[in-house]
Amino acid sequence: MSLEELNLWGNIFNSNILSSLGSLSNLKSLSLTHIFDGDAMEESIGLPAMKNLEKLHLESHNENGWQNLTNLKELTLTDLSCTSNIIQDIGTLTSLEDLVIDGCDVDDNLTLHGFCELRKLQTLAIINSYWNASLPECFSELTSLKYLDISYNNFSGNISMFKNLRLLKYLDISSNNFFGDISMLKNLKLLEYLDLRSNKFSGDISYFMSLTSLRELWLSNNNIEIPSSLAPLFNLSKLQKLYADNNTIYNAETEMHSVDTPTFQLRSISLSCCGDGGSFPQSLNHQHDLRDVDLSNINLKGDQFPNWLLENNKKLETLNLVNSSLSGHFHLPPTSRRGLSRLDVSSNSLDGNIPNEIGAKLPSLLVLNMSNNFFGGGIPISIGDMISLKLLDFSNNRLSGGIPRHLPMGLFIFDVSNNQLFGDIPSSMESMSLLALDLSNNTLFGGIPRWMGTMSYLEVLLMANNHFEGPIPVEFCELNYSLKFLDLSANNLSGSLPSCFNSLSLTHVYLSRNKLKGPITSFFNSSGLVTLDLSNNHLIGNIPNWIGSLSTLSYLLLNNNYFEGGIPVQLCELHLLSGYDGSIGSFYVDVPIKFTMKCISYFYKATVLTYLSGIDLSCNKLTGEIPHQFQHYRDIIVLNFSHNSLIGPIPPTLADLSQIESLDLSHNHLSGNIPSQLLGLHFLSFFSVAYNNLSGITPQMTGQFATFEESSYLGNLFLCGEPLPKNCSIDGSSSSMPKNATDKGFIDMEFFYASFVGSYIVMPLCIAMVLYINPYWRQAWFYHVEAATMSCYYFVLDHILPKRFH
């Protein structure tokens, strides 16, 4: 056949059809992509017979017959499972000009010396393959290369082999393990695109002064020293994009350079993190074409907000100045900037009022973040004019007044937490399409509006630490298919939990520190719950058995309520795997959980909760014995059953809690010995069984138990041994304790009865002896006995007996 070009894409071919391709001896271009038959992909396609082939593209197909393709100029391999032999044999294709290998997994270590024979290569791309190899020095002989991309691999070593590749226009070696100095690149004067991101390079950017053709420079995530002035790059007149995040930014205001002002006009600049940048980069004063600016996490010596940056760059779309040590008032340019879509000045020291005209000056904002500053005054009503707004964050400021009635109606996130706002929640918010609402830590009051149940998109609702009162609206049951995170803690909420509130999507519920009452009737279908905090309320009844079926639960806090009955055995079915990092879908919520550890209550945030899981049932009215089935508690960190009325022995199976760090069983009625098996808890940093009815010898002072003091065991009358001051007798009992007391509990009943009878015999004898010795007391005694007898007689005669007996 005389067919010269064949493209097979997106079809199902059997092995016979593919094997017959070898008869197409005149074929010059072959592309096999998206072949869906697994057997066909493993079948050889007869490449050795295609001696005239110049262009070959194989996807998800194994082939090992490269050797005869001496005319091949273009080879593209994608999503293959390659062997090192197949890759090394590519070196025999000496006519290759373009070689692209994308996503080719190699089953063992590689040596790439064979590639050095490809002297005609102009394009070489080995990407997303994660090859563990170092580039041989002979790569410097590939002097025809104009395009080199070896990003997203595990290549290591230095880059000295690139110094002779002077025809390179495009060089991307990002996301590898290269290290060393970047001075090797100073001779590549034709480079237009240079990407060194995510390696281990060092040195300073003065080596790039000679790269006058550069248009894009990517340096992020290295150890390169970059002056905030950018002076070494001033003569790179074609430079448009500079990305150098996560390097070392330093103040170089005193350095002298041949060019005083930059010759470039940047479109994008990102220098976020880390270092002391001195004053705001004055080189940006000369820029008029900027679209994106990110100078976050750099110490800029308390400069004011650069409103001139907005004024000079009419096309600016993104301005990110997070944690840049800015101070003073926030000013806007005199004219509006409709192109600006993202503005983030959070975590600075800006003060004063937020300009009233901000909505008119910046009407096209998608993201406005001014959190963690010192802004005062009210929330500007012009915010409602930002019709495109997706995120508004004014949290952690000093804002006062009420929530504006005029707010954007689009689907967005609204966060005004940690301010001084007061008043109620305006009814105008009912028409907002909110994804997340955070009003926590203000002084808002009134009832929770019933219309909140109609917010069908609401995923996160945080209103903790306010003065809301009344019941949780039953309309919240309408959120059962959207709500993931609910925090209404530390308010004055009352009434019972809505029984219909059983959201399948709920992952975190915080209702602590309220006045909720009644039994737990909600959440029994909330199988995705990670956190359930109902502590510090007035809840009653038994702890429901169904809690044990919440397979993802990591934090259960029911302490400081009025729960009764025993601890359900079903609780032992909980796996309690820690791992909450604060992420709720696309949001990050860092609500603290109050855990009582070491007899002190701490608030733990998500960064700590990642390593923490626990159950707190303390301060209730629980009775019965502690369950002994702890097979699923192996990863629990905190267990607190203190301040209840639990009885019975301490289960030896508590020793199975191999990761536990805090175990509090104090203030109960537990009896018997302390199990010696607990000595195997190697991570235990707090242990208390104080104020129980325990007896016998305290655990040996070894391992973690050597760190526990007397306070861990106080209030157990018949407990002895270190660190208690009470010594134990030879037979293992307390020296002041009757024999066999450890076997019969806190009180030996035979000893009790004997002492009771003895006291009744001794007391009358003592009284008789005193009266016999002292005649005055004897006379007074009989006088009072006679008076008492007569009083009793007349009382009975007058008030009890019928008159006919008088």
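Helices (H or I, at least four residues) and strands (E, at least two) are DSSP runs, numbered from the N terminus. Residues are numbered from 1 along each chain as its sequence is written. The model is predicted, so local features need pLDDT of at least 70 and side-chain atom pairs count only at pLDDT 80 or more, while totals for chains, interfaces and linings use all residues; side-chain values use heavy atoms, with hydrogens and water left out.

**Exercise 1.** Find where I761 sits, and decide whether I761 is buried or exposed.

*Solution.* Start with the secondary structure: I761 lies in helix α8, which covers residues 749-773. Next, recall the classes: buried is under 20% relative accessible area, exposed is over 50%, and partly exposed is in between (1.4 Å probe, protein chains only). I761 has 51% relative accessibility and therefore counts as exposed.

**Exercise 2.** Describe the disulfide between C116 and C138, including its handedness.

*Solution.* First, the criterion: a disulfide is a pair of cysteine sulfur atoms within 2.5 Å. A search of the whole structure finds 4 disulfides. In one of them, C116 is joined to C138 with an S to S distance of 1.9 Å. The torsion about their S-S bond is about 65°, so this disulfide is right-handed. The pair links distant parts of the chain, 22 residues apart: C116 is in the loop between β5 (98-106) and β6 (123-127), and C138 is in the loop between β6 and β7 (147-149). Now check the cover: C116 is buried at 2% relative accessibility, and C138 is buried at 17%.

**Exercise 3.** Work out how C720 and C728 are bonded and how exposed each one is.

*Solution.* Begin with the sulfur atoms, which are 1.9 Å apart and form a disulfide. The S-S torsion of C720 and C728 is about 115°, so the disulfide is right-handed. Then take each end in turn: C720 is buried, with a relative accessible area of 0%, whereas C728 is partly exposed at 26%.
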